[in-house]
Structures are given as C-alpha cells and as structure tokens.
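Subject: A structure for you to look at

Dear colleague,

I am handing over the structure we spoke about, so that you can read my notes beside it. Please keep it open while you go through them.

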Amino acid sequence: MVCGGFTCSKNALCSLNVVYMLVGLLLIVVAAWGKGFGIVSSIHIIGGVIAVGFFLLLIAIVGLIGAVHHHQVMLFFYMVILFIVFLFQFGVSCSCLAMNQGQQEKLLVSSWRLMSKDTRISLEKKLDCCGLFNNTQNQGVFMSDLHFCDAPCVKKSLCLTCGEKMLQHSSEALKILGGVGLFFSFTEILGVWLAMRFRNQKDPRANPSAFL
C-alpha cells in the first residue's frame, strides 16, 4: 500500500507513540537520577519534568491503543491531551535550559539553610563531601558544617564541597532534560497531525457503507 494510506498512517502513529513512551521513560529516569543525586527538592523544575514524562508515557499508551483499534474517542482525547503535554513540555524544557549556574546556586543555598543538621550530615555522607559552598557569603555556615562533617573524605583530607558536586550533576541533568524535552516536544505536533489525519480515514476493515 502506498504511503499515506490507512495502514501507513497507522504504522507511523504506532511508531511515534513507541518513541514517546521511550522519551517519557527517559525523562522520568534522568530526572529521578538528578533529584536523587543531591540536586535537592528546591529545584522544583525537576519535579515538573517527572510529571511531564509520566503524562507523556500515559498518553502514548492511550494513543497506541487508539491507533491499533482505530478508536475515534481515544484518538480525539489523545490529540487534545498530547497538545497540552506539548505546551507544558516546551515550557519546562526551556526553563531547564535557561536556568544558569547562579540561579541553581541560589536555590541550593536556600534549601541547604532549611535543612536540619542531621539531614546535612546524611547528605554529606551520601555525596562524600563537606559543607555547601566555601565562599565569603556562606563562610559561617560552611565552617559549622565542616566541624560536624563525618563524610569518608574527611579521613583523606581531600573533601570537595557538596555545592560543587550538586552543581555538576544538576547542570548535566538540566541540559539532558532540556535538550531531549525540547527536541521531542516538536515531534508531538506531528503526533497530533498524524492522529487527526488517521482519525478521519476510513477503516478498510469496516463496513464499506459506514461513514466515519
């Protein structure tokens, strides 16, 4: 069958939804890795990426089922929700790419100050570091943290600050999430168009006298 026919449109839509499922899983995994590696809950944009990845995965499953069964109602809701996901994903991806190191540092400092002493010590052990930032603005807090620090690196006398490690991994995570999210957000417009086109095509397996 020539491309553009019912079968071709169905296969293209199914393939696209499989890609969306993989992208959704990738966004969730990378965001969870970044959040779990000490980027701290203050960077709420990471939580937004996880939500976008979850909804993209969910709507991709709906779209796949709708395409396989040529289900009119499912395809309609798929188009509407996918367009909404595109808007959110585009905004969140741009926010990830626009967040510079200075903004990340401010968020980490504000979150660090809200932590209890036990939470700081636990995080220092996990990341093998001491204190957040050793600079003039945070010198008092840093010296206090250094006094109570019990990270493995203390025995080696070669401790990096936790801020350095957090910024390194947060920058990596935000670049990956922003780049992947922004690139694939534009393909979601193609998904909406394909679903609209496929939904309006007549299923050759149906009754020839029936109209969509």
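This is a predicted model: local features need pLDDT of at least 70, side-chain atom pairs count only at pLDDT 80 or more; totals for chains, interfaces and linings use all residues.

Residues are numbered from 1 along each chain as its sequence is written, and side-chain values use heavy atoms, with hydrogens and water left out.

Let me begin with the cores. A nonpolar core is here a set of buried Ala, Val, Leu, Ile, Met, Phe, Trp, Tyr and Cys residues joined through side-chain atoms within 4.5 Å, and buried means under 20% relative accessible area, exposed over 50%, and partly exposed in between (1.4 Å probe, protein chains only). The largest such core has 32 residues, and L13 and L177 are those with the most contacts inside it. At least two residues of this core come from each of α1 (6-39), α2 (44-69), α3 (72-98) and α7 (162-199), where helices (H or I, at least four residues) and strands (E, at least two) are DSSP runs numbered from the N terminus. The largest share, 9 residues, is supplied by α1. If we leave aside its neighbours within four places in sequence, L177 is in contact (heavy atoms within 4.5 Å) with L27, V30, A31, I46, V49, S93 and C96. There is also a second, separate core of 12 residues, which includes L132, F133, C162 and L167. As background, nonpolar side chains in soluble globular proteins tend to be buried together.

Next comes helix α5, which spans residues 117-127 and in which R120, I121, L123, E124 and L127 are buried. Seen down the axis of α5, these buried residues fall within an arc of 165° (the arc of the directions from the helix axis to the C-beta atoms), so they line one face of the helix. On the other side of α5, D118 and K126 are exposed. The residue that follows α5 is D128, whose phi is positive, near 55°.

How many disulfides does the structure hold? It holds 3, a disulfide being a pair of cysteine sulfur atoms within 2.5 Å.

C129 and C162 form a disulfide with their sulfur atoms 2.0 Å apart, and with 95° about the S-S bond this link is right-handed. The pair links distant parts of the chain, 33 residues apart, since C129 is in the loop between α5 and α6 (139-148) and C162 is in helix α7. Both C129 and C162 are buried.

In the disulfide of C130 and C149, the sulfur atoms are 1.9 Å apart, and the torsion about the S-S bond is about -75°, so this disulfide is left-handed. C130 lies in the loop between α5 and α6 and C149 in the loop between α6 and α7, so the pair ties together parts that are 19 residues apart in sequence.

C153 and C159 also form a disulfide, their sulfur atoms 1.9 Å apart, and with 105° about the S-S bond this link is right-handed. C153 is buried, with a relative accessible area of 3%, whereas C159, at 31% relative accessibility, counts as partly exposed.

When the bonded cysteines of the chain are numbered in sequence order, the pairing is 1-6, 2-3, 4-5. C94, by contrast, is in no disulfide, and the nearest cysteine sulfur, that of C96, is 9.3 Å away. C94 is partly exposed, with a relative accessible area of 32%.

With best wishes
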